[in-house]
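I opened my notebook to record what I looked up here.

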Amino acid sequence: MMETVGTSMLLAAGAGPELPTVNDFLPPEILFQGTPFAINRIILIRLVATVVLLLVLGITAARAKLIPGRWQGLIEYGIDFVRNNVVYETMGELRGRRYVPMIATLFFTIFIFNLFGIIPGANMAATATVTMPLVFAIWVLVQYWIAACREKGFFRYIRDECFTPGVPWPIYILLAPIQLIELLIIRPASLTIRLFANMISGHLVLATCLAFAQYWMVEAANKFVGIPVGGIWFLGGFVMTLFEAFIAFLQAYVFAILATVYINLSYPDE
Amino acid sequence: MMTLADGGIDLFIPKVYDIVWSLIILVIVALFFYKFFMPKFNAIFDERAEKIEGNISKAKQAKDDADKAKKKYEDQLNQARVDASKITDDARTEATKIISEAHTRADSEAAQIAANAQRSIASQQQQAMVSLKGQVGTLATALAGKILGAKLQDGDVQQGMLDQMIDGLDKTSEKK
């Protein structure tokens with residue numbers, strides 16, 4: 001990240017291209033400034049994304065018929081995918097049934113929120129502040145602790161995870177704290193940072209490509225060099241857009257499947 | 001221009017309003033999925049599975065019924081065929097029997113009739129002979145008496161003449 005920015009600084013000496021900066025992710029408050037309900041650009045995108053999600057899926061569900069049309073078939077395919085390929089395959093149907101709505105919520109919401117990173121006008125994923133992924137991750141954390149307390153009991157869970165039987169006791173000095181940190185911090189943090197960092201890097205790379213395309217094709221004085229070089233940058237931006245669409249899905253899938261795996265780890269071994 | 005190195009850490013510090021909005025959104029979205037979206041689609045999935053299963057079992061039922069009906073008709077048809085051939089056989093046997101009986105009866109009746117006829121002819125002939133013998137005797141005696149003008153007193157002569165006459169009569173009738 002640093003290198004890209006550094007090189008671009010050299011190239012963009014003077015009135016260079018409008019490269020993306022960290023400020024893109026820390027936009028100013030534009031509504032209700034200073035209150036707990038302040039809204040900035042990313043939160044506005046998030047609200048719009050939520051409305052779009054609710055409208056699209058809500059209308060689909062309200063109009064859902066026994067014999068599905070093409071669009072309903074696509075949505076049903078998504079539900080099937082979450083239910084069978086993510087939840088049931090990881091934890092089995094018996095345990096998994098109660099978590100299908102949760103994992104479906106995570107998958108569909110993260111997927112749609114991520115997609116806003118490549119939707120013109122938004123150009124910023126709704127998951128592109130640390131808070132949204134963090135809130136999702138904390139939900140997962142709460143769920144797998146609840147599952148553990150219900151299925152194993154609090155103390156047995158701690159014992160199984162931190163004082164794993166069959167390990168020589170001096171190892172526990174090292175193992176127990178690491179496992180506890182893993183349970184409390186590393187799992188949610190890894191979920192949060194994986195998603196958030198993917199959205200940040202995606203935006204930075206995509207915006208850099210397009211900024212250079214704009215700079216070389218429109219603003220550069222020498223059009224003979226500017227058009228081909230800008231064309232290559234634009235092609236890069238085009239490819240990155242498609243790649244981001246794939247990443248939007250992939251990260252939603254990874255988040256959903258890791259949430260399932262973490263919850264499943266709270267259940268006793270069969 | 002702020003680079004990533006300058007403001008990087010700010011990215012990872014959640015803001016209060018961001019937390020508020022993220023929580024609100026999460027609650028809304030989760031409620032939507034838990035209370036509306038998933039139940040709705042689960043209901044549709046269940047209904048669809050039920051319909052498909054129902055149709056399959058219905059089709060199976062119909063096929064079973066059809067098979068049963070087919071078997072029933074085939075059985076009936078076979079029974080009818082057996083019955084028909086039995087009836088034909090019976091009729092044929094009956095007819096043969098009737099014919100042979102008729103033959104036997106006709107034969108015996110014919111024989112009877114023939115025998116009766118023969119018997120009656122024989123008896124009539126006998127009668128005729130007896131009556132002819134009587135009449136011819138009387139006639140001849142009367143005739144001979146008249147012709148000879150004498151009474152044939154002697155029984156032996158009378159009998160001898162009579163026999164002679166009858167023999168002659170027989171010969172004449174045979175000649176005719």
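**Salt bridges**

I counted salt bridges first, taking a side-chain nitrogen of Lys or Arg within 4 Å of a carboxyl oxygen of Asp or Glu. The model is predicted: local features need pLDDT of at least 70, side-chain atom pairs count only at pLDDT 80 or more, and totals for chains, interfaces and linings use all residues. Side-chain values use heavy atoms, with hydrogens and water left out, residues are numbered from 1 along each chain as its sequence is written, and chains are lettered from A and ligands numbered from 1 in the order in which they are written.

I then picked out one pair, R46(A) and D18(B). Their closest N and O atoms are 2.7 Å apart. I take helices (H or I, at least four residues) and strands (E, at least two) as DSSP runs, numbered from the N terminus. Are R46(A) and D18(B) buried or exposed? Both are buried. For this I use relative accessible area: buried is under 20%, exposed is over 50%, and partly exposed is in between (1.4 Å probe, protein chains only).

Next I looked within chain A. D160(A) forms a salt bridge with K152(A), and their closest N and O atoms are 3.1 Å apart. D160(A) is buried, because its relative accessible area is 17%. K152(A) has 13%, so K152(A) is buried too. I also noted a network of salt bridges that links K152(A), R156(A), R159(A) and D160(A).

My last pair was in chain B. K70(B) forms a salt bridge with E74(B), with 3.8 Å between the closest N and O atoms. How far along helix α2 of chain B are K70(B) and E74(B) from each other? They are four residues apart, so about one helical turn separates them. K70(B) counts as exposed, because its relative accessibility is 52%. E74(B), at 40%, is partly exposed.

**Where the chains cross**

I turned to helix α3 (residues 70–96) of chain A and helix α2 (residues 16–148) of chain B. They pack at an angle of about 95 degrees, and their axes are 12 Å apart. Axes here are lines fitted to C-alpha atoms, for helices over the stretch in contact, and angles run from 0 to 180 degrees between N-to-C directions. So α3(A) is roughly perpendicular to α2(B). I used these classes: under 35 degrees is roughly parallel, over 145 roughly antiparallel, 65 to 115 roughly perpendicular, and the rest oblique.

Which residues meet there? From α3(A) I listed Q72(A), I75(A), E76(A), I79(A), D80(A) and R83(A). From α2(B) I listed F37(B), M38(B), F41(B), N42(B), I44(B), F45(B) and R48(B). Contact means heavy atoms within 4.5 Å. By class, I found seven nonpolar, two polar and four charged residues in this contact. Ala, Val, Leu, Ile, Met, Phe, Trp, Tyr, Cys and Pro count as nonpolar, Asp, Glu, Lys and Arg as charged, and the others, Gly among them, as polar.

**Chain B as a whole**

Chain B has three helices and zero strands. Along the sequence I read the pattern α-α-α. Of its 176 residues, 14% are buried.

I also looked up A95(B), which lies in helix α2 of chain B. A95(B) is partly exposed, with a relative accessible area of 33%. The C-alpha atoms of A95(B) and F45(B) are separated by 74 Å, and the two residues are 50 apart along the chain.

**One buried residue in chain A**

T192(A) is in helix α7 (residues 169–219) of chain A. T192(A) counts as buried because its relative accessibility is 3%. What is T192(A) in contact with, leaving aside its neighbours within four places in sequence? I found V130(A), P133(A), L134(A) and A137(A).

**Positive phi**

Most residues other than glycine have a negative phi. I noted F32(A), where phi is near 50 degrees. F32(A) is in the loop between β1 (29–31) and β2 (39–40) of chain A. At 47% relative accessible area, F32(A) is partly exposed.

N123(A) also has a positive phi, near 50 degrees. I found N123(A) in the loop between α4 (100–115) and α5 (131–151) of chain A. N123(A) is partly exposed, with a relative accessible area of 38%.
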